[in-house]
Amino acid sequence: MHDYQSRVVWTGNTGEGTAHYKAYARTWDIAVPGKPVVHCSNDPLLGGDPGKMNPEDLLLSALSACHMLWYLHYASEAGIVVTRYEDAPIGVGEVGKGGAGRFVSAQLRPVIWLAASADMAVAEAIHHRIHAVCFIARSVNFPVTYSAEYRVET
């Protein structure tokens with residue numbers, strides 16, 4: 001078992017607390033001991049600050065990062081040398097009646113730079129193993145797909 005800790009502190013009291021719906025800001029800080037504070041806001045579609053991370057950004061980023069870390073691990077075990085890895089994942093959400101939302105899917109779109117000696121079939125096959133072990137992917141209830149692009153270092 002592993003314990004994870006975080007501290008979420010609402011920073012949106014503009015002086016009236018939650019006296020009415022427009023009286024407060026949808027902002028907060030995430031403070032994990034020993035790590036930089038992350039300033040967050042609600043989704044801009046719901047009146048949040050577009051310059052700050054929102055819960056949806058954080059979930060999609062966590063999903064992508066987990067996949068990346070497992071990819072790098074399995075690549076090193078397989079003798080595949082990765083020299084660079086970037087992802088621009090897309091999460092698709094829906095809002096139902098009454099305003100309740102959820103993710104319905106996510107697509108990871110990594111661009112992976114490989115050493116010229118890399119076996120491309122092995123590099124591609126690694127992706128198929130990750131969802132069985134990635135903590136975040138195993139914890140979500142929507143499909144996660146990937147579409148990887150590979151570039152060879154010269």
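Predicted model: local features only at pLDDT ≥ 70, side-chain atom pairs only at ≥ 80, totals over all residues.
Residues are numbered from 1 along each chain as its sequence is written, and side-chain values use heavy atoms, with hydrogens and water left out.

Reader: In what order do the strands of the open three-stranded sheet stand?
Author: Strands here are DSSP runs of E of at least two residues, and helices are runs of H or I of at least four, both numbered from the N terminus; two strands pair if DSSP finds at least two bridges between them. The edge strands, each pairing on one side only, are β5 (90-95) and β8 (144-146). The pairing in this open sheet is mixed, and the order is β5-β6-β8.

Reader: Which residue of β8 stands opposite Ala 106?
Author: Strand β6, which covers residues 101-108, runs parallel to β8, and three bridges join the two. The residue of β8 that stands opposite Ala 106 is Val 144.

Reader: At about what angle to β6 does helix α1 run?
Author: Axes are lines fitted to C-alpha atoms, for helices over the stretch in contact, and angles run from 0 to 180 degrees between N-to-C directions; contact means heavy atoms within 4.5 Å. Helix α1, residues 55-78, lies across β5, β6 and β8, and its angle to β6 is about 30 degrees.

Reader: Why is strand β7 described as largely enclosed by the rest of the structure?
Author: Buried means under 20% relative accessible area, exposed over 50%, and partly exposed in between, with a 1.4 Å probe and protein chains only. Pro 110, Ile 112 and Leu 114 lie on one side of β7, with Val 111 and Trp 113 on the other, and both faces are covered. Strand β7 (residues 110-114) is therefore largely enclosed, because the number of its residues that are buried is five of the five.

Reader: Which residue of β9 stands opposite Val 111?
Author: Strand β7 pairs with β4 (residues 82-87) in the antiparallel sense over five bridges, and there Glu 86 stands opposite Val 111. With β9 (residues 149-152), β7 runs parallel, joined by four bridges. In that pairing, the residue opposite Val 111 is Glu 149.

Reader: What is the N to O distance in the salt bridge of Arg 84 and Glu 86?
Author: A salt bridge is a side-chain nitrogen of Lys or Arg within 4 Å of a carboxyl oxygen of Asp or Glu, and the structure holds three. Arg 84 is partly exposed at a relative accessible area of 41%, and Glu 86 is partly exposed at 37%. Their side chains meet with an N to O distance of 2.5 Å.

Reader: With which residue does Glu 149 form a salt bridge?
Author: Glu 149 is partly exposed at 36% relative accessibility. The closest N and O atoms of the salt bridge are 2.8 Å apart, and the partner of Glu 149 is Arg 151.
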